Amino acid sequence: MTRTIYDKSKGAREASAQARARDHQLDIPKALLRASSPDLPEVAELTAVRHYTSISQKNFSIDTRFYPLGSCTMKYNPRAAHKVALDPGFLGRHPLAPDEFDQGFLQVRMELEAHLKRLTGMAAVSLTPMAGAQGEFAGLSIMRAYLLSEGQTERDEILVPEAAHGTNPASAAMCGFKVREIPLAASGDIDEEALKAALSERTAGLMLTNPSTCGLFEQRIVEIARAVHEAGGLLYYDGANLNAIVGRVRPADMGFDVIHMNLHKTFATPHGGGGPGAGPIGVVERLKAFLPMPYARYMDDGSIELEGRFEQTTNAHPSSIGRLSAFGGNAGVLIRALAYIRLLGGEGLRRVSSHAVLAAAYVAKRLADAGFELAWPDRRATHEFVISLKKEYKDYGVTALDFSKRLLDYGFHPPTNYFPLLVPECFLIEPTETESLEELDAFVEAMIAIRGEAAKDPTILTNAPHTTPVSRLDEVKAVKTLDLGVHLREAHQS
């Protein structure tokens, strides 16, 4: 089996037919030049194209299959938004160019900030964080800076619900806070009595996403916000699940003071695979002065010639938490987000959240009717929902992981496994708004068929997947003896 392109290397073959002719010699000192050619594979152009195309077709992607990964919003993103980001005018800009040569992108930033403020209800937005986790870090840093400016040095605790995203406590710890976990009630909501008991003069704030990772909208969010504020704390909104409410309800109206938004989940950037990402943050009025730099603004020196012109400020407000990224954010992601928002408009964004919730409610109902166990059967699903496969584990000895591996054979990416941790044999399913009814039905039918296989012959599941390029790995061994370079070394030795 050919593993690398080095296996296809044959001497004196090359892909130079379309290479540009060298019309000048680079002025590089001889001492810095290589003494020998680099050890690169020698293949024809068509061989290289076929090799890498074949590899790409082995990858699982949203462009090819249904990807219901809970809490990640793995939805189709329109090519039109990508086309805008690939405009030569944007691609050709240099981030260090003077502002007068960067008016288009500065306008993009200002327009995007305005839209995000309207969608969240926040007073101000910063686009600089480069990922959701960095947005969390920025928001918590702002909370800390604000509390210190108020002389509230004793407020060193961040409260997080039991089902919080793992980045929440990690970000809080990185910002110097102590983390205190709050349990959930039987309803799936945060335990309000436990929350009130935990609130004290040490409370800096509560981190919450609404709808929660359980796929449930906090029924008493206004009362929760009031309790946190009365205790002197701030309320932080984890925007991972913003896709469920965009255009419908605003976090600021629920009582949140800080929010980060995953543009790569909700606003048209391909998600997964390590990037790219963007996690802008929004804040209420009293926290504006602490926003990170830089930001775009209208030029204003009294000159009529500058009307409608933009500049990027580099002079930090004295209270600012400073810089988080070199050039004010991930440009391509920001451009895609604005294109997506303008393509859909207000009514279109409301349809996004409506259809996301409808799709999740439909799949949840179909699975429940087929006998699968909903984790919270008395609650309405939002954009995602949780089922427990503990009954299947008890009856047939198959786990949620076994179901996941077998789903790959049916052409579906598995949902999130074992999260939230409080649900045994957990499947967290998020269909998103971009899948057709036929695709949702096919997923449900696959789940039913797999359970039928488990009843007849559990080894079909425990040995799955059977059709993927790589069969099931020994995950414990892979962690203990990880060696990513072994195939490359074998190719060189041959």
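Student: How much space lies in the largest cavity?
Tutor: This is a predicted model, where local features need pLDDT of at least 70, side-chain atom pairs count only at pLDDT 80 or more, and totals for chains, interfaces and linings use all residues. Residues are numbered from 1 along each chain as its sequence is written, and side-chain values use heavy atoms, without hydrogens or water. A cavity is a set of points on a 1 Å grid over the protein atoms alone where a 1.4 Å probe fits but cannot get out. Its volume, the space filled by probe spheres set on the points, is here about 90 Å³.

Student: Which residues lie closest to the centre of the largest cavity?
Tutor: Lining residues have an atom within 4 Å of a point. The largest cavity has 15 of them, and the closest to its centre are Pro161, Ala163, Leu208, Thr209 and Ser212.

Student: How much space lies in the second largest pocket?
Tutor: A pocket is an open set of points with protein on both sides within 12 Å along at least five of seven lines. The second largest pocket holds about 350 Å³.

Student: Which residues are closest to the centre of the second largest pocket?
Tutor: Its lining counts 17 residues. The closest to the centre are Ala124, Val125, Lys288, Leu291 and Tyr295.

Student: Is Leu26 buried or exposed?
Tutor: Buried means under 20% relative accessible area, exposed over 50%, and partly exposed in between, with a 1.4 Å probe and protein chains only. Leu26 has 56% relative accessibility, so Leu26 counts as exposed.

Student: Where is Leu26 found?
Tutor: Helices are DSSP runs of H or I with at least four residues, numbered from the N terminus. Leu26 is in the segment before helix H1 (45-58).

Terms used:
Helix = DSSP H or I, 4+ residues; strand = E, 2+ residues; numbered from the N terminus.
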